[in-house]
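Open the model in your viewer and keep the selection panel at hand. The tour goes stop by stop.

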Amino acid sequence: MPARRLGAADADSVPRVETVRLTRPDLDRRRALNRTHGRLVFASSVFALLFLVAIGRLSWVTVIAPRIPAPGDRPTTAFFTAPEPRDPELVAVPLAVPRGPRAMITDRNNEILAISLPTAALYANPRELVDPEDAARRLKAVLPRLDEAQVRARLSEPEKRFVYLARQITPREKLNINTLGIPGIYFENTERRRYPMGRAAAQVLGGVDVDGHGVAGIERFFDRRLAEDSTPIVLSLDVRIQAVVRDELIKAMESFRAIGGCGIVMDVRTGEIIAMVSLPDYDANHVGHATNEERFNRAVTGMYEPGSTFKLQTAAMALDYGTVQLWNEFNASQPIKIGRFTISDFEGKKRWLYFPEVLAYSSNIGAAHVAQTVGAERQRAWMRNMGMLNRISVEVPEAGLPIVQTAQAWKEIVTLTVAFGHGISVSPLHVARGTAAIANNGVRVRPTLLAMVPDMIPPDAERVMQQATSDTMRKLMRLVVTDGFGKTSEVPGYYPGGKTGTAEKTGRGGYQKKANVAAFTSVFPMHAPRYAVYMMLDEPKANASTYGYATAGWVIAPAAGRTIARIGPMLDMLPELTNAAKINASLAMPLQPTRPPNGVRSPPVAAVPPAAVKPGRTPPAVAARPAAPRPSPAMPAHTPRATPPTGAPATRDLRHEASQPPSTALLAAQYTAPSLVPAPNPNR
Amino acid sequence: MIALRSRADTSALGRWFWTIDHWTLLAIFTLICFGYVMMLAASPAVAEHIGQSRDIFILKQVVFLAAAGVLTVAVSLLSLSGVRRLALIGCGVAFVLTVATLVIGVQIKGASRWISLPGLSLQPSEFLKPFFAVTAAWLISEQRRQPGFYGWISAIVLAGMIVGALKLQPDIGMLAVIVMVFFAQTFIAGVNLFIVGALGGLIAAASVGAYFLFKHVRDRIDPFLSWNGAEHYQVIRAKQAFGAGGLSGRGPGEGRVKDVLPDAHADFVFAVTGEEFGLIVCSVIVMLFAFIVLRGLIRLLKEQDLFVILAAGGLVTGFGLQAFINMGSTMGLLPTKGMTLPFISYGGSSVLAVAFGMGMLLALTRRRHGAGTAWGHNAGSAP
């Protein structure tokens with residue numbers, strides 16, 4: 001109520017007009033105040049809600065879903081526990097102490113390849129030290145390997161409260177240091193990774209850094225798994241086989257002064273890698289001191305032109321596509337000129353060659369002609385199918401990518417050169433896998449470094465060619481060893497088959513004439529393939545025993561043969577000599593087969609369009625040659641060896657062919673039929 | 001001693017005792033006691049961490065906490081006009097010093113927020129928060145009282161200047177709290193909801209802008225947003241601390257998070273509390289904050305004076321928001337912000353500034369004769 005006007009009459013005491021003028025702002029204020037009070041209530045509700053949320057969250061993080069740090073923390077490392085899986089930031093925390101010991105790595109026979117031993121690291125809190133100088137002197141007295149000046153400097157950093165002094169303290173040293181009773185000196189329980197086999201499988205295992213993290217190989221690939229799960233990782237490697245391969249490689253390397261080497265033994269049926277050696281290697285216990293060259297795993301990271309070992313692929317491809325028959329002949333009498341390139345043979349026969357001869361004598365020209373019958377597109381598809389274009393998913397991070405032409409650039413010249421393993425670079429493991437697939441009934445398996453459960457069906461196994469192709473290829477591979485450039489790898493009773501390959505290394509601005517990569521890829525035994533053996537020397541130099549040759553047949557095939565002879569018994573395979581005649585017969589393949597009366601395979605080769613050969617440039621490579629003189633009368637295919645390749649031995653250049661003396665008792669036993677004993681080498 | 005005073009006592013202290021809000025005062029002093037205990041728990045480890053003498057480190061904070069108690073009571077003795085005068089002067093000084101940090105400030109952790117004084121580093125922006133709340137309240141309420149007064153404009157301009165200074169430091173956490181407090185005040189003042197909404201939208205847009213503009217804001221928000229990605233290191237440690245604490249805690253002094261978190265005594269003191277004292281004690285602390293905030297707001301419902309409502313509302317809002325944001329970010333509920341937990345966190349500026357704020361709150365909410373009978377005509381706010 002407005003105030004009464006003093007002195008006015010009662011009826012007139014409250015003037016109407018003035019009342020209106022006064023009350024409007026009053027009402028406004030009152031309305032505003034009511035609104036303010038309403039909003040205060042709203043604000044209170046919001047805050048009540050916020051604090052309820054806070055209490056709820058508090059209960060959540062403390063009682064309902066607490067995050068418990070790992071037990072056994074000490075104050076200094078209280079929360080630097082093992083990194084959680086989704087926590088990459090914490091992996092780098094220097095004080096990280098793994099949960100348990102890092103898991104062991106063993107070979108397939110549970111031989112320990114890597115093991116973590118508990119040790120202690122010595123550290124200090126400089127703030128708690130009374131006399132750094134004295135402490136450094138006394139520590140040096142019981143731990144002579146310390147650098148006293150450095151320790152003194154570290155202990156004299158008062159702004160720090162944690163400095164490492166030494167790692168890998170033995171229990172005795174720990175006791176001695178504790179006896180000193182220096183305040184501010186502590187031990188941190190750590191572990192030390194030991195590799196009892198030292199250099200064996202160094203690149204496969206890799207190694208760990210000072211903090212116990214894998215830096216390469218299996219250690220790096222399975223770094224998290226090894227840190228989190230302490231059950232051992234069982235590798236497919238067999239350390240005994242590994243040692244043999246390494247031993248033979250080292251001998252060959254020394255004999256031929258090679259700069260490096262590589263050896264792979266793989267189970268062709270499961271893909272398990274039984275041995276993987278790369279030289280030079282290093283002691284896995286000191287991976288930090290290894291040079292890059294030593295750490296380089298040639299078997300998976302090195303990309304080399306496979307050279308003539310690829311002719312196996314070319315042959316299998318042409319047989320599988322049906323573009324070539326065994327009795328077809330190919331003109332190797334003159335080089336192929338295409339563009340500015342000339343494809344010629346190394347120590348060639350300078351004549352038409354039968355298909356098996358192309359492999360046995362390793363004719364580049366012949367292989368190029370064979371590839372022409374298939375054509376670029378199908379050739380590339382074949383290579384893709386054999387896994388030659390992609391990284392191999394083997395369990396080391398170093399697995400490399402092959403260097404191949406793109407589909408657009410895969411022109412005729414590429415087709416011709418890839419046929420004999422040039423113009424494409426793949427790792428040795430690629431070659432070994434491809435060879436294994438050809439021998440293993442045409443089934444390609446995935447190479448693995450992990451041991452498989454016995455009788456396990458290998459994962460990712462895929463048929464990549466017909467059974468018949470593989471059957472024929474096994475005979476051809478065997479032929480290379482019995483009659484071709486691979487004779488030096490022959491091991492009685494193990495029936496190896498394979499292919500040599502010598503490729504000039506690519507360097508700055510083209511091929512290096514003097515630098516070769518000599519490789520031999522093989523599988524044994526050919527009648528029931530079990531293991532692929534690949535061996536390679538990087539830049540071997542000829543010596544007197546090889547008559548000046550540094551080709552694969554001379555420098556590495558013998559090593560592969562010796563390796564097979566040594567590892568066979570370890571792999572529970574004794575030389576199969578009693579059934580030698582039967583086995584040899586089953587693997588027999590004439591160098592110059594004749595067309596069977598009723599062509600088993602069709603279409604006839606003459607009908608095959610000369611795939612990529614342009615008319616006029618080169619003479620048709622593949623052609624029926626009825627007029628050519630047959631070196632021998634037609635023989636049934638099952639008695640091939642009865643027909644010595646007439647004429648060929650006389651003209652064959654034996655300098656880079658067989659030199660293995662066959663006159664051992666074993667060989668005599670193997671070749672029971674007198675006609676099967678090879679003719680004495682005229683050059684010997 | 002105080003309790004012995006009779007209601008008939010009309011001395012200044014006697015009047016104060018009978019008009020003050022006892023429950024809020026009790027809650028504040030309980031918080032100060034908690035602050036003392038937590039400082040004893042967290043500080044030694046941190047002192048060792050940063051290489052200071054442990055005794056001096058603790059002694060400093062003991063002095064600050066004691067000063068905070070005295071300051072709270074002293075400020076709460078002020079009349080309304082006294083509060084207003086203190087706030088205006090305080091706001092001016094704090095603003096000048098905040099601007100000065102840009103020139104003569106000490107860079108700590110990438111931001112120049114501190115002014116080095118002998119014995120302590122002063123963070124003037126901490127003081128800006130309570131003083132600006134009261135200043136803005138006065139400016140707004142003054143326009144209601146005398147329409148010719150450009151209160152709103154002045155408040156907005158002042159807010160803009162403060163925002164600019166804090167952005168330059170940069171101190172985005174403090175900036176956010178001051179803006180939110182000002183926003184709450186405009187809301188409480190009864191401004192048209194449309195304008196409030198527009199202002200809210202503007203703040204939201206500015207937040208998004210800050211995210212894209214400032215790298216250190218992004219660094220804090222990103223790990224928070226990616227729930228399944230890499231969490232912030234400190235938050236993981238804090239959560240583990242809470243988890244280790246459980247219902248009743250590891251026990252006083254048994255905490256470990258303080259050894260590994262450099263901010264254990266300041267921004268992450270709540271994690272230390274959680275680890276050493278557990279859910280029950282932490283809940284008590286949360287409820288103390290909630291009690292002060294809610295009681296403060298609800299008591300304002302009986303208040304008629306717009307200045308008192310806005311000033312007390314702003315102070316309480318700032319206090320509550322700061323507490324909630326600190327606890328929320330420690331528990332992984334919010335992105336981490338450089339913000340202290342009032343009275344509990346170590347730090348002179350923070351404790352003293354909060355003491356100023358709570359002192360003014362107590363002064364504003366003292367029972368006054370004549371309060372509730374008039375609107376804006378109290379003795380304290382006479383022109």
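Which residue lies over the face of A:Tyr321? Select A:Arg378: this residue sits over that ring face, 4.8 Å from the ring centre. Keep in mind throughout that this is a predicted model.

Select A:Arg167 and A:Tyr164. The arginine lies over the face of A:Tyr164, at 4.5 Å from the ring centre. With A:Tyr164 they form one aromatic cluster.

**Inside the cluster**

Over all chains, the structure holds 20 aromatic pairs. Zoom in on A:Tyr123 and A:Phe162, a stacked pair with 4.4 Å between centres and 25° between the planes. A:Tyr123 belongs to strand E2 (residues 112-124) of chain A, while A:Phe162 is in the loop between helix H4 (148-155) and strand E3 (163-169), so the pair ties together parts 39 residues apart in sequence. A:Tyr123 is buried at 4% relative accessibility. A:Phe162 is partly exposed at 24%.

Next, select A:Phe524 and A:Tyr531. Their rings make a tilted pair: 6.0 Å centre to centre, with 35° between the planes. Both A:Phe524 and A:Tyr531 are buried.

**Two cis peptide bonds**

Stay at A:Phe524 and step to A:Pro525. The peptide bond between them is cis, with omega near -20°. A:Pro525 lies in the loop between strand E17 (510-524) and strand E18 (531-538) of chain A.

Where is the other stop of this kind? Go to A:Leu279 and A:Pro280, joined by a cis peptide bond with omega near 0°. A:Pro280 is placed in the loop between strand E9 (273-279) and helix H10 (292-295) of chain A.

**Positive phi**

Select A:Ser362. Its phi is positive, about 55°, although the residue is not a glycine. Look for A:Ser362 in the loop between helix H12 (355-360) and helix H13 (364-374) of chain A. Its relative accessible area is 10%, so A:Ser362 counts as buried.

Move to chain B and select B:Phe343. This residue is not a glycine either, yet has a positive phi of about 70°. B:Phe343 sits in the loop between helix H13 (306-330) and helix H14 (348-364) of chain B. At 0% relative accessibility, B:Phe343 is buried.

**Salt bridges**

The count comes to 33 salt bridges over all chains. Start with A:Glu219 and A:Arg102, whose side chains meet at 2.8 Å, N to O. A:Glu219 is in helix H7 (residues 217-221) of chain A and A:Arg102 in the loop between helix H2 (88-91) and strand E1 (105-106), so the pair ties together parts 117 residues apart in sequence. Are the two partners buried or exposed? A:Glu219 is buried at 0% relative accessibility, and A:Arg102 is buried at 6%.

Now select A:Arg152 and A:Glu148. The closest N and O atoms of this salt bridge are 3.7 Å apart. The residues are four apart in helix H4 of chain A, which means a separation of about one helical turn. A:Arg152 is partly exposed at 28%, and A:Glu148 is partly exposed at 22%.

In chain B, select B:Arg145 and B:Glu142. Their salt bridge spans 3.2 Å, N to O. They are three residues apart in helix H5 (residues 124-145) of chain B, so about one helical turn separates them. B:Glu142 is buried at 8% relative accessibility.

Then select A:Asp247, A:Glu248, A:Lys251, A:Arg562 and A:Arg566. Salt bridges with shared partners join these residues into one network.

**Cysteines**

Select B:Cys91 and B:Cys282. B:Cys91 is buried at 3% relative accessible area, and B:Cys282 is buried at 0%. A search for disulfides over all chains finds zero.

**Last stop: a nonpolar patch**

Select A:Trp60, A:Val63, A:Ile64, B:Leu247, B:Ile280 and B:Val284. Together they make a nonpolar surface patch of about 550 Å². Helix H1 (16-64) of chain A and helix H12 (269-299) of chain B each give two or more residues to the patch. Which helix gives the largest share? H1(A) does, with three residues. Finish on A:Trp60, which lies in helix H1 of chain A and is partly exposed at 44% relative accessibility.

Note on methods. Residues are numbered from 1 along each chain as its sequence is written. Chains are lettered from A and ligands numbered from 1 in the order in which they are written. This is a predicted model: local features need pLDDT of at least 70, side-chain atom pairs count only at pLDDT 80 or more; totals for chains, interfaces and linings use all residues. Side-chain values use heavy atoms; hydrogens and water are left out. Patches are made of residues with over 30% relative accessible area and no salt bridge: like charges are joined within 9 Å, nonpolar side chains (Val, Leu, Ile, Met, Phe, Trp, Tyr) within 5 Å. Accessible areas come from the Shrake-Rupley method with a 1.4 Å probe; for residues, only the protein chains shown count as cover. A salt bridge is a side-chain nitrogen of Lys or Arg within 4 Å of a carboxyl oxygen of Asp or Glu. Buried means under 20% relative accessible area, exposed over 50%, partly exposed in between (1.4 Å probe, protein chains only). A disulfide is a pair of cysteine sulfur atoms within 2.5 Å. Rings of Phe, Tyr and Trp (its six-membered ring) pair if their centres lie within 6.5 Å; planes under 30 degrees apart count as stacked, over 60 as edge-to-face and the rest as tilted. A charge sits over a ring if NZ of Lys or CZ of Arg is within 6 Å of the ring centre and within 35 degrees of the ring normal.
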